Amino acid sequence: ENMHSDAEWIRLLHQAADWGITLFDTATQYAGGRSQELIGKAFGNRSDVVIATKVSPVQDGDSRRFTVQSIIEGAENCLRLLGRDCIEIFQTHGSGSLDEVSDPSFVEGMARLKEAGKIRVRASATFNAEGACYAMENGLVDALQITYNLVDRGHALPVLPLAEKHG
C-alpha cells in the first residue's frame with residue numbers, strides 16, 4: 001500500500017537531504033524498483049547525495065548466482081530507474097559467501113562496470129564474514145555492508161579489524 005503520493009515521498013527525500021542526510025541506500029528489490037524510481041525523481045544526478053544500490057543474483061538451475069551479464073544488466077537497470085549516469089556504491093545483494101565473491105563472474109562484472117565509469121565503488125552487502133574478509137584481502141570490493149547490530153555482532157567481528165586495516 002502506498003501511503004504517500006510521489007510528490008510527498010520526493011518532498012520527504014528533499015527534506016532529509018536538507019537536514020544533512022546524504023547517503024540513500026536502495027535496491028531494485030525494494031518495492032519492485034519503486035524505491036529507486038522515487039530516489040531518482042528526487043535527486044537524479046545531484047552530486048551532493050550518495051546513492052548505494054544493489055543487484056540480486058539470478059536463478060541458475062538449482063542455485064542463485066551472479067553472472068557478468070546479470071551484474072551489468074542489473075547496474076544498467078538501476079541507472080535507468082535512478083536517473084543517474086553513475087552509481088556511487090553498487091553492491092551485490094547476495095550471501096557474500098566465499099564462493100560468491102571469488103566467482104570470476106562477480107569479479108569481472110564489477111570490474112567492467114567500474115572501468116566503464118558506471119559505478120564508483122564495488123561493494124557487497126553480506127552477512128558472511130569469510131567471504132567479506134576474502135573480498136577485502138584480495139581487493140575484490142571497495143566497500144562492504146555487513147550485518148551488524150548490538151545484539152548479534154558475530155558476522156562483523158572478524159571483519160572489523162580488516163576493514164580498519166584496509167581503510
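Q: Which residues does Lys54 touch, not counting residues up to four places away in sequence?

A: Contact means heavy atoms within 4.5 Å, and on that basis Lys54 touches Asp25, Thr26, Ala27, Thr28, Gln29, Tyr30, Cys78, Phe90, Gln91, His93, Ala125 and Gln145. This is a predicted model, in which local features need pLDDT of at least 70 and side-chain atom pairs count only at pLDDT 80 or more, whereas totals for chains, interfaces and linings use all residues. Residues are numbered from 1 along each chain as its sequence is written, and side-chain values use heavy atoms, with hydrogens and water left out.

Q: Is Lys54 buried or exposed, and which polar contact does its side chain make with another side chain?

A: Buried means under 20% relative accessible area, exposed over 50%, and partly exposed in between (1.4 Å probe, protein chains only); Lys54, at 0% relative accessibility, therefore counts as buried. A polar contact is a pair of N or O atoms within 3.5 Å, where within protein one must be able to donate a hydrogen and the other to accept it, and residues adjacent in sequence count only if both atoms are side-chain atoms. The side chain of Lys54 makes such a contact with the side chain of Asp25 at 2.7 Å, and the Lys54 side chain also reaches the backbone oxygen of Thr26 at 3.1 Å.

Q: How many aromatic pairs does a search of the whole structure find?

A: Rings of Phe, Tyr and Trp (its six-membered ring) pair if their centres lie within 6.5 Å, and planes under 30 degrees apart count as stacked, over 60 as edge-to-face and the rest as tilted. The search of the whole structure finds 1 aromatic pair. The ring centres of Phe24 and Phe43 are 4.8 Å apart with their planes at 40°, so the pair is tilted. Because Phe24 lies in strand β1 (residues 23-25) and Phe43 in helix α2 (residues 34-43), the pair ties together parts that are 19 residues apart in sequence.

Q: How much space lies in the largest pocket?

A: Rolling a probe the size of a water molecule over the atoms shows where empty space is left. On a 1 Å grid over the protein atoms alone, with a 1.4 Å probe, a pocket is an open set of points with protein on both sides within 12 Å along at least five of seven lines, and lining residues have an atom within 4 Å of a point. About 240 Å³ of space lies in the largest pocket, whose lining includes Met136, Asp142, Tyr148 and His166.

Note on methods
Grid points are joined across faces, edges and corners, and a volume is the space filled by probe spheres set on the points. Helices (H or I, at least four residues) and strands (E, at least two) are DSSP runs, numbered from the N terminus.
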